[in-house]
Amino acid sequence: EFELNQIGLPWAYDALPPVEIVPPERLFDGDVFLFCASRFVPDTSVTSGDVRMAQYQVNRELAVRYARMARQRRYGGMFCVVSDPVDNLCAAFLNESGLEPWQIQGYGLGVMHKRAEYYASKDSRFASYLTEGRAFGPHGKDLVIANSIDRYDDALSRELTEQAVRANIAVRDLGFKPYIAPALSSAALSILLTLRGEWHYGSLYLGTRERGAFLGMKNRLTKGGWEWEDLDLPEELYERIRNAYDNLCEIR
């Protein structure tokens, strides 16, 4: 409250909504809940493996606490998961909250798409991604970057995927924690696009209650519910996405 209410345009006192502190019993009074909390962030010296999954267990305990609060309040709004690992925490929240799958979306894929765009803009071999590419899957090691839907090149796509995945580590190698790009590209900007009903990247639930997972894809929120791109995918690309989905189904 102290810092956020000091952000704004000069003299335009109503340009941004005021921020207020609310007691726990009012947390689910709104229409949209943004879960950005984290109990553990890996140290910048951690440069091997998927550091996001190192956060899963401790952040899951925190997510479950809020999920049970949502169940008690019979929350009817939308729950947006920003904390890592996004897709897995979405599943944990679904299991404990009693909410419907369509009430939950994860926000981690937006920055992976922008990281792929960043590298594609610097290497002409990946230039097709800027106009024809897509991102799918989780915000982590099973990310799927496709250089092009119509002219898919598996080797090229996997190379660009690796660069996008390792961008997280590249920031850490510089001595910083990678907060800014994910906070804006995956979270703030993507959530605004969601609420405006515009296309964005986010994770939606696919499957049944018995077996399913939150999978990142290009989608938008319409008056009739969620709409996602229904693409005719090359077999090699489809198999990569299915593998990512199967792996996500195993972590609950």
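**View 1. Trp11, an exposed residue with a positive phi.** Trp11 is exposed in this predicted model, with a relative accessible area of 73%, where exposed means over 50% relative accessible area, buried under 20% and partly exposed in between (1.4 Å probe, protein chains only). Its phi is positive, at about 70°, although Trp11 is not a glycine. Trp11 is found in the segment before strand E1 (32-35); helices (H or I, at least four residues) and strands (E, at least two) are DSSP runs numbered from the N terminus. The model is a predicted one, in which local features need pLDDT of at least 70 and side-chain atom pairs count only at pLDDT 80 or more, while totals for chains, interfaces and linings use all residues. Residues are numbered from 1 along each chain as its sequence is written, and side-chain values use heavy atoms, with hydrogens and water left out.

**View 2. Arg74, between helix H1 and strand E2.** Arg74 sits in the loop between helix H1 (56-73) and E2, and its phi is near 55°, a positive value in a residue other than glycine. The residue is exposed, with a relative accessible area of 76%.

**View 3. The cis peptide bond from Asp84 to Pro85.** The peptide bond that leads from Asp84 to Pro85 is cis, with omega near -10°. Pro85 belongs to the loop between strand E2 (78-81) and helix H2 (86-97).

**View 4. Leu89 in helix H2.** Leu89 has its place in helix H2 and is buried, with a relative accessible area of 1%. Not counting residues up to four places away in sequence, Leu89 touches Phe35, Tyr56, Asn59, Arg60, Ala63, Val81, Ser83 and Asp84, a contact being heavy atoms within 4.5 Å. Leu89 and Arg65 are 24 residues apart in sequence, and their C-alpha atoms are 12 Å apart in space.

**View 5. The largest nonpolar core and Phe93.** The largest nonpolar core has 24 residues, and those with the most contacts inside it are Phe28, Phe35, Tyr66, Phe79, Phe93 and Ile104; such a core is a set of buried Ala, Val, Leu, Ile, Met, Phe, Trp, Tyr and Cys residues joined through side-chain atoms within 4.5 Å. At least two residues of this core come from each of E1, H1, E2 and H2. Apart from this core lies another, of 22 residues, among them Cys80, Val82, Ile191 and Trp226. If its neighbours within four places in sequence are left aside, Phe93 is in contact with Ala63, Tyr66, Ala67, Ala70, Phe79, Leu99 and Ile104.

**View 6. Ser148, a buried loop residue.** Ser148 lies in the loop between strand E5 (144-146) and helix H5 (154-173), and at 0% relative accessibility it counts as buried. Leaving aside neighbours within four places in sequence, Ser148 is in contact with Ser128, Glu132 and Gly133. The C-alpha atoms of Ser148 and Glu236 are separated by 12 Å, and these two residues are 88 residues apart along the chain.

**View 7. The setting of the close-ups in the whole chain.** The protein chain contains 7 helices and 8 strands, and of its 252 residues 45% count as buried. Among contacts with a separation of 6 or more, 66% are accounted for by residues 24 or more positions apart. The C-alpha trace spans about 50 × 50 × 40 Å along its principal axes.
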